[in-house]
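I open this notebook to record what I looked up, entry by entry.

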Amino acid sequence: MGDLLQFTLTGVTIGSIYAIVALGFVTIYSVTKVINLAQGEFVMLGGLTMYSLTSAGVPYLLGFVITIIVVSILGWIMEYLLIRRAKGADPISLIILTIGTAIFIRGIASVVWGKDQLRVAPFTENTPVNIANATITPQAIWVVVIMLLVVFLLYILIDKTMVGKAFQASSVNPLAARLMGISPKRMSSLSFTLSAALGALAGLAIAPIMFPSYDMGTMLGIKGFSAAILGGLGSAPGAVIGGLLIGLLESLGAGYISSGMKDAITFSAILLILLIRPSGILGEKSVGKGGL
Amino acid sequence: MRKLLLPLLLAMMTALFLAACSESVEKEEAGKAGGSAGSGEVSEYKIGAIYSKTGPNSPLGEPEWNATKLIEEKINSEGGINGVPLKIILADDESSQEKATQEANRLINDEKVLVLLGSSGSGESLAIKGIALQQQVPMISAAASTHIVEPVEDAKWVFKTPQSDRHAVERVYMYLNEQGISKIGTIIDSNAFGSSGLEQMEALADEYKIEIVAKESYNTQDPDMSAQLTKINGAKAEAIVVWGTNPGPAVVAKNTRDLGIDLPIIGSHGIANQNFITLAEAAAEGVVIPTGKLLFPSQISGDDVQFDAISSFYKAYTDKYSSEPTNFGSYGYDNIMLVIDALKNGATDREAIREHLENNITNWIGTTGVFNFSDKDHNGLTADSLVMAVVKDGKWMLLEK
């Protein structure tokens, strides 16, 4: 019984990490229909920038804010220099562009921060919390809290504000949106900046758990992308469900069946779910309609 | 356009023909090089060394590179070997197998080196092993994998100085026997390093009366290993053996302590570096690993047969470079010193050097260990050349018996 609880808590920890990365994918996809495969690199940049700032003696909270701003600017630059220039290209070409960007960012990061893993201090005192013989670290709780907060804020932003309406409009029909006085270009720019900020936030939350290094983005990108697909691309709550499901499958699979098989178990399950629901758990059937 | 085509074709064919010609000439010369070097009229001894000075293996290759340069300068300032200067041609394979192959061909065919040293990584070493065998050039590798020198029948010209993972596992099992621990849970990285470690642990378990009660694995980048550790703890293991390189073992150590499991943690030689302690912080305390003695040269006692070799190398290295030689520096040092030993004893052509390495290296004291090469063993070390280290107050310390 204690084991089951431990496996679940571990699964939730891992799952929240995947989910928080997946949210970045969802934000860009729901506006531009582009899957940004450099999302994992934003996460990496978040973690490593924080490392540089804290080791340079910048106070934790200030470092936190600066990191998010720096990475957001990088996201904006990426959209401005690459995606905007290639406007009119079909989404597949744009996706390939993002792969190139990812490789580029990884290369630069390996020069700037080296190839070793680095250590970032946790948000708060990290004495594990004991719940009925199972433990979870406060940093893992932070990841869960931040993830839930992000989903909530995204919901408010998309469904309750003018900007959100403009997001949805650009996604559904860019031409009509332009006729209504919305600039799909600005919305695309905004979505990249926003998802870079989300990536940075994810990196900040994960860094104390994972020992960030220049190549962490690849694995997180794949897992985050899988979570987004499983939940239904374009759906923020779906990304959370997808992430948590993958985390739990991995943890329970490792715990009860075999840790060597955990990836096979997880991805078989994902395949099975997608066979039954091709558009993902919360995905909508009609592809033409946007929305988070 | 069409007019251009014919001359172009002609030019290409000429180029190809010339290339084919020069290749055959080179081969003839290469054949001679081995013999003529022995005739005593040589002006210098040419040694080729390929190490990974850049790329992912640079933490290995750099100290090896430095140690080799250090010895070349030292020997030549002392007047060379029996009056003949030593010339070492260093090549960087950039941690890539293709580059290693290119450099090996260049060193053997163009530079006509007597011996090939390197490379740093197992993959690169295996890539150039075939060239050394085919061209009949003695090669001494600085990489870990057992497969470089085994089976010995297929490694006639190839030797290596670092301990194999088999030695590391043996040393860990010896330690476990001393501690009276017989049930272990293993958690390994799913990459080549980890799975090769597990292979050896399984193969040697019976001999040392060790029972592996749980076998778990993880992927290098996994954020959390609590599930696997909970399972190991549930399987009534008396110790956790983690086989991997950073960051995995650091995550394992942290998760184990966070879960409140107080089983002893034993790592591999893959984490014999300060970064493991930096990452795992307090959780690293008490972690035990097998390692070469160069991890803490100052802690080696004066009675140790290797004391002189280690301390003089360590002093020379740190005087010249501002970094630590680490265990990898000791591989680079032993590689070149073995060749020098052969040259000093009159083995000055490729065949004679190979013969000397195989037959005359007995109780040869290096910085990595005491070597005994034979026609059955081209690694020449035993598990005794490794010592156990423990993390104490944020530092690796020699674990006294």
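I take buried to mean 20 or more other C-beta atoms within 10 Å of a residue's own, exposed to mean 12 or fewer, and partly exposed to mean in between, with C-beta atoms placed from the backbone. Helices (H or I, at least four residues) and strands (E, at least two) are DSSP runs numbered from the N terminus. The model is predicted; local features need pLDDT of at least 70, side-chain atom pairs count only at pLDDT 80 or more, and totals for chains, interfaces and linings use all residues. Residues are numbered from 1 along each chain as its sequence is written, while chains are lettered from A and ligands numbered from 1 in the order in which they are written.

I then looked at the span of H11(B), which covers residues 326-344. From first C-alpha to last it reaches 27 Å, close to the 27 Å expected; the expected span is 1.5 Å times one less than the number of residues. Just after H11(B), I noted a positive phi of about 85° at Gly346(B).

Most residues other than glycine have a negative phi, and most peptide bonds are trans. Which peptide bond is cis with omega near -5°? I found that the bond runs from Glu150(B) to Pro151(B), and Pro151(B) sits in the loop between strands S4 (139-141) and S5 (158-160) of chain B. A cis bond also joins Asn246(B) and Pro247(B), with omega about 5°. I placed Pro247(B) in the loop between strand S8 (239-243) and helix H8 (248-258) of chain B.

I looked up Lys112(B), a residue other than glycine whose phi is positive, near 55°. Lys112(B) lies in the loop between helix H3 (97-110) and strand S3 (115-118) of chain B. It counts as partly exposed because it has 19 C-beta neighbours inside 10 Å.

Gln136(B) is not a glycine either, yet its phi is positive at about 55°. I found Gln136(B) in the loop between helix H4 (122-135) and S4 of chain B. With 15 other C-beta atoms within 10 Å, Gln136(B) is partly exposed.

At what angle do the axes of H1 (residues 2-32) and H10 (residues 236-257) of chain A cross? I read roughly 145°, with the axes coming within 6 Å. Axes are lines fitted to C-alpha atoms, for helices over the stretch in contact, and angles run from 0 to 180 degrees between N-to-C directions.
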